[in-house]
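I am opening a notebook on a structure that is new to me. I want to look up its annotated residues and its pockets.

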Amino acid sequence: MAQNIFKGLGIALVTPFKPNGEVDYVALKKLVEYQLDNGADFLCILATTAETPCLTHEEKDEITKLIKELVRGRIPILKYCGGNNTAAVIDEIRHTDWTGIDGMLSICPYYNKPSQEGLYQHFKAIAAVSPLPIVLYNVPGRTGVNMTSATTVKIARHCPNIVGIKEASGRLEQVDEIIKDKPDNFDVISGDDALTFPMIASGAAGVISVIGNALPKQFSRMIRLEFKGEYEAARKIHHMFTELYSLLFVDGNPAGVKALLNDMGLIDNVLRLPLVPTKIETKDKMAEILKRMTI
């Protein structure tokens, strides 16, 4: 039975672009090294925050190759592979070179809004062909359907190579239900930066974080303090992030964190359409908070 190795601070890695819109591989290299040097426990690559729908197949292959070469097995890599056509996801799994990748993140089918039985059958079919452990991704705000705790636990019990869920429903009672009923080899991972503190306090194993792109050292410190039971110290860090949490997503993701990374001098503030950079007033507010933060 597979065990979940994706614990602690996971980074939902952004894709830096040059002003001309090309992938900035030099900035990507610096960003990955920054994560490795500042407390990241694993990387989550080519998912929503990476603007993956706007990347070509060749760009995705080159990004994967670069990240694998930089990481060299030092921390686990979780790579996205999902969609709303089960047969197409299975085909992609079968034709992808998974060498150097430690796990697969797969989203609930979006737009076509399957039933709970449809969700169960979708992930069961994917699990049957996957050569790697799978982390489910429940984000009803993007997909249009919420996978219930009962369905999540059913999948976890019937598919031993499904080892966790990135839970971004925003429903703490649902998180509690999954943690209460799940099998031992299955973990809940926060998919919402703002809820990471209460979710870990309830028994979550970590987070796949957007804000961690910019502030991995501070965010990982909060998580490590919680794991040690030092909740008061962890809560202080959580509260220092409170205003930033909301500003980060007010103009969409990853517009907020890209603005933050730009203020830190790590990347250009460029996104690919249909996404656009965050508003100037939002960017200025985040820059001001960044100056005040002393953790």
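Before I start, one cut-off: a residue is buried when its relative accessible area is under 20%, and exposed when that area is over 50%. I also note that this is a predicted model.

**Entry: the annotated residues.** I checked the UniProt record, an unreviewed entry, and its "active site" annotation covers Y137 and K166. They are spread over 30 residues of sequence, yet they cluster in space, with a largest C-alpha distance of 4.7 Å. Of these residues, Y137 is in the lining of the largest pocket.

**Entry: Y137.** I found Y137 in strand β5, residues 134-138. Is Y137 buried or exposed? Its relative accessibility is 5%, so Y137 counts as buried. I then listed what Y137 touches beyond four places in sequence: T48, L105, S106, I107, C108, K166 and A168.

**Entry: K166.** K166 sits in strand β6, residues 162-167. K166 counts as buried because its relative accessibility is 5%. Setting aside neighbours within four places in sequence, I see K166 in contact with residues including L105, Y137, N138, G191 and I208.

**Entry: S106.** I followed one of the contacts of Y137, S106. S106 belongs to strand β4, residues 103-107. At 0% relative accessibility, S106 is buried too. Its contacts beyond four places in sequence include C81, G82, F123 and I126, and also Y137.

**Entry: the largest pocket.** How much space lies in the largest pocket? I read about 850 Å³. Its lining has 36 residues, and L46, T52, P53, K60 and Y80 lie nearest the centre. I looked for the elements that supply at least two lining residues each, and found α2 (57-71), β3 (77-80), α3 (86-95) and α5 (140-143). Helix α2 gives the largest share, 6 residues. By class, I count 14 nonpolar, 12 polar and 10 charged residues in this lining.

**Entry: the second largest pocket.** This pocket holds about 290 Å³ of space. It is lined by 18 residues, and those closest to its centre are Y137, V139, R142, A168 and G191. Two or more lining residues come from each of α5 and β8 (206-209). The classes here are 8 nonpolar, 6 polar and 4 charged.

**Entry: P198.** P198 counts as partly exposed because its relative accessibility is 22%. P198 and H238 are 40 residues apart in sequence, and their C-alpha atoms are 9.7 Å apart in space.

Notes: Residues are numbered from 1 along each chain as its sequence is written. This is a predicted model: local features need pLDDT of at least 70, side-chain atom pairs count only at pLDDT 80 or more; totals for chains, interfaces and linings use all residues. Side-chain values use heavy atoms; hydrogens and water are left out. Helices (H or I, at least four residues) and strands (E, at least two) are DSSP runs, numbered from the N terminus. Buried means under 20% relative accessible area, exposed over 50%, partly exposed in between (1.4 Å probe, protein chains only). Contact means heavy atoms within 4.5 Å. On a 1 Å grid over the protein atoms alone, a cavity is a set of points where a 1.4 Å probe fits but cannot get out, and a pocket is an open set with protein on both sides within 12 Å along at least five of seven lines; lining residues have an atom within 4 Å of a point. Grid points are joined across faces, edges and corners, and a volume is the space filled by probe spheres set on the points. Ala, Val, Leu, Ile, Met, Phe, Trp, Tyr, Cys and Pro count as nonpolar, Asp, Glu, Lys and Arg as charged, and the others, Gly among them, as polar. UniProt positions are given in the numbering used here, feature names are shortened, and annotations may be inferred rather than shown by experiment.
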